[in-house]
Amino acid sequence: MPADEYMSNVNALIEMKLGKHKNLREETSFYWGEIFYGTLKFDRREIEIAALKNLRQQELIDFFTEYIKVGAPARKALSVQVYGGLHSAKYEASTKEISSQSQSVLIKDIFSFRRSQPLYGSLKGGSGRT
C-alpha cells in the first residue's frame with residue numbers, strides 16, 4: 001500500500017473517532033461501558049487518536065508480521081471446545097492430545113487462568129466472578 005493511501009486510511013479512521021455521540025443513549029452506553037468493565041478510560045477516543053497519529057506504516061506491518069500473519073512467531077490462537085456428558089471419551093482423547101502438544105495450554109478453571117495473566121489487574125469490575 002502506498003504511503004499516501006495508508007495516511008488517507010488513518011485520517012479516515014481518525015475522523016470517524018472524532019465524531020460526536022449521535023444521541024444520549026450512545027453517549028450513556030459509552031460511559032457505562034467504561035464503568036462496567038472497570039477500565040475508566042473516559043478519554044479513550046483521544047488516546048486512540050493520539051496513538052493513530054503516531055503509528056507509522058512500517059510499525060503496523062511489523063506488528064502484523066510478528067503477531068497476526070499465518071506462521072508468525074508470536075501468533076496466538078484460542079480454541080474453545082465444549083463436550084456434553086455423553087461424549088466423555090472424546091473429551092479424554094482431546095485432553096491427551098492437548099497435553100502432548102508442547103505449545104497448547106488446557107484451561108480448566110477460567111477464573112484462575114484469568115487471574116494469572118499480566119493484564120488481569122487492569123480490568124477491575126465487570127460481570128461474573130473475579
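Q: Why is Tyr31 called partly exposed?
A: The model is a predicted one, in which local features need pLDDT of at least 70, side-chain atom pairs count only at pLDDT 80 or more, and totals for chains, interfaces and linings use all residues. Residues are numbered from 1 along each chain as its sequence is written, and side-chain values use heavy atoms, with hydrogens and water left out. Buried means under 20% relative accessible area, exposed means over 50%, and partly exposed lies in between (1.4 Å probe, protein chains only). Tyr31 has a relative accessibility of 33%, and therefore counts as partly exposed.

Q: What makes the pair of Phe30 and Tyr31 edge-to-face?
A: Rings of Phe, Tyr and Trp (its six-membered ring) pair if their centres lie within 6.5 Å, and planes under 30 degrees apart count as stacked, over 60 as edge-to-face and the rest as tilted. The structure holds 4 aromatic pairs. In one of them, Phe30 and Tyr31 are 5.1 Å centre to centre with 70 degrees between the planes, and the pair is edge-to-face. Ring pairs also link Phe30, Tyr31 and Phe42 into a cluster.

Q: Why does the pair of Phe36 and Tyr37 count as edge-to-face?
A: The ring centres of Phe36 and Tyr37 are 4.9 Å apart and their planes stand at 85 degrees, so this pair is edge-to-face. Phe36 has a relative accessible area of 42%, which means that Phe36 is partly exposed.

Q: Why is Phe63 called partly exposed?
A: Phe63, found in helix H4, has a relative accessibility of 43% and therefore counts as partly exposed. Phe63 and Ala74 are 11 residues apart in sequence, and their C-alpha atoms are 9.9 Å apart in space.

Q: How do you know that the span of helix H1 agrees with its number of residues?
A: Helices (H or I, at least four residues) and strands (E, at least two) are DSSP runs, numbered from the N terminus. The expected span of a helix is 1.5 Å times one less than its number of residues. Helix H1 (residues 3-18) has 16 residues and should therefore span 22 Å, and its end C-alpha atoms are 22 Å apart, which agrees.

Q: Which residues of H1 are buried, and why are they placed on the same side?
A: Tyr6, Val10 and Ile14 are the buried residues of H1. They cover an arc of only 75 degrees around the axis (taken from the directions from the helix axis to the C-beta atoms), so they lie on the same side of H1. An α-helix has 3.6 residues a turn, so residues three or four places apart point the same way. On the other side of H1, Asp4, Glu15 and Met16 are exposed. The cover over the buried residues of H1 includes helix H3 (44-54) and helix H4 (57-68).

Q: What makes a set of residues a nonpolar core, and which residues form the largest one?
A: A nonpolar core is a set of buried Ala, Val, Leu, Ile, Met, Phe, Trp, Tyr and Cys residues joined through side-chain atoms within 4.5 Å. The largest nonpolar core has 5 residues, namely Tyr6, Val10, Ile14, Ile49 and Leu52. H1 and H3 are the elements that give two or more residues to this core, and its largest share, 3 residues, comes from H1.

Key:
Contact = heavy atoms within 4.5 Å.
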